[in-house]
Amino acid sequence: MAAKIFKDLPGGLKMPAIGLGTGSLRNEADLERVLNAALELGYHHIDTAYGYKNEVFIGRVLKKWFSLGKLKREDIFITTKLPLPGIHQDRVELFMKKSLENLQLEYVDLYLIHHPIGVKYFGDEDNRMEIDDFDHIKIWKKMEEQVHLGRTKTIGLSNFNKRQIERIIASARIKPACLQVELHVDFQQRDLVGYCHKNGIVVVAYSPLGAPGAKRFEDRKVPAVINSDLIKNIAKKYNKSPGQIMLRYLLQKNIVAIPKSSSPERLKENISVFDFEINSEDIRSLDDLDGGETTRLTTFKSVPGIEKHPEYPF
Ligand SMILES: NC(=O)c1ccc[n+]([C@@H]2O[C@H](COP(=O)([O-])OP(=O)(O)OC[C@H]3O[C@@H](n4cnc5c(N)ncnc54)[C@H](OP(=O)(O)O)[C@@H]3O)[C@@H](O)[C@H]2O)c1
């Protein structure tokens, strides 16, 4: 495999440009199989979240790798996220500590606020979703404290829009190092990406393959772009798979990607994207696939009333 690409974050941190998404891996046996395979293949960047309910399983696998001497803590980049019930100035520390305990780690590399809108916390077994009162500036101060306390190397945002990021930057002591948002070749969010890059914020693409086959998007209005003739033809030309073209496109746009796969073959494909370059003519054809808002998949609309909230980001 050709040399990996890393993105520089503040404090000398290096984020591998391809990470493993674990969002829909919620069964321990599946997760263990996938994570072992991914680590063997050289994945050194794992994306999880308190809300995925899989941190405990990830922690167990990592512990085994550390204790066998197959991996050192500093060789792996772990991102986790403050869940919706933690998105309140009084609950950042509580949820940060819960994640560290789950993961059996002393620190994570990146802690993200999962979404700009928080809900009330009624306990882990209670799934009620009632939007809470929260204050981004106060929450960010608590996030900064987690860095000072050594619980996370750095902090960032997910699903925030430009206005919300600008407001945080205006009063931040530690600027957001990263923005994780939905991004795939037919949903490019160019303005937001341009703004982040101008401000030194690393952009991480979630659903970078357009989440083909994902059950939660069975009612999608636009067919998954990975099956389009354009991508298939470009893939044939470079002797790569359509998925590899989609990931390589993001890398060439200076965007990190965290594809999820449960298959050893596709895990291998997804990390084997460092040994070729898409030429500028083909990049332009791929640019033209952007479908704007019509191709957004994730909306968080399962939270009642979220769309009408003034901080709804989309
Ligand atoms: N911050 C947020 O709010 C947020 C929201 C959504 C997702 N995320 C993160 O982003 C990660 C990835 O997003 P995602 O899972 O929604 O979508 P994705 O990575 O774009 O797509 C995953 C789907 O693509 C299939 N796949 C994987 N590699 C493939 C390849 N090379 N060719 C064809 N199909 C392939 C997988 O099936 P197989 O498993 O069968 O290979 C799976 O069904 C999540 O796991 C999570 O960590 C974050």
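**Close-up 1. Cys178 is a buried cysteine in a predicted model.** The relative accessible area of Cys178 is 1%, so this residue counts as buried. The model is predicted. Cys196 takes part in no disulfide. Its nearest cysteine sulfur belongs to Cys178, 8.6 Å away. Cys196 is buried too, at 0% relative accessibility.

**Close-up 2. The structure contains zero disulfides.** A disulfide is a covalent bond that links the sulfur atoms of two cysteines. To count as one here, the two sulfur atoms must lie within 2.5 Å. For the sulfur of Cys178, the closest cysteine sulfur is in Cys196. The gap is 8.6 Å, which is too far for a bond.

**Close-up 3. A shell of 28 residues surrounds the ligand.** The closest are Asp47, Arg216, Ser261, Ser262 and Arg266. By type, the shell holds ten nonpolar, twelve polar and six charged residues. Helix 9 contributes the most to this shell. The helix spans residues 264-271 and supplies three residues.

Close-up 4. Tyr52 has a polar side-chain atom 3.4 Å from a nitrogen atom of the ligand. How much of the ligand does the protein bury? Taken alone, the ligand exposes 910 Å², and the protein buries 88% of that.

Close-up 5. Strands of a sheet pair through backbone hydrogen bonds, and the pairing can be parallel or antiparallel.

**Close-up 6. Strand 8 and strand 9 run parallel.** Strand 8 covers residues 178-182, and strand 9 covers residues 202-206. Five bridges join the two. Glu182 stands opposite Tyr206 of strand 9. Cys178, the buried cysteine of the opening view, belongs to the residue range of strand 8.

Note on methods
Residues numbered from 1 in each chain as written. Predicted model: local features only at pLDDT ≥ 70, side-chain atom pairs only at ≥ 80, totals over all residues. Heavy atoms only, no water. Buried < 20%, exposed > 50% of the residue type's maximum accessible area, 1.4 Å probe, protein only. Near = heavy atom within 4 Å. Polar contact = N/O pair within 3.5 Å; in protein donor to acceptor, adjacent residues only side chain to side chain. Areas by Shrake-Rupley, 256 points an atom, 1.4 Å probe, with all protein chains shown as cover. Helix = DSSP H or I, 4+ residues; strand = E, 2+ residues; numbered from the N terminus. Nonpolar A, V, L, I, M, F, W, Y, C, P; charged D, E, K, R; others polar. Pairing = 2+ DSSP bridges.
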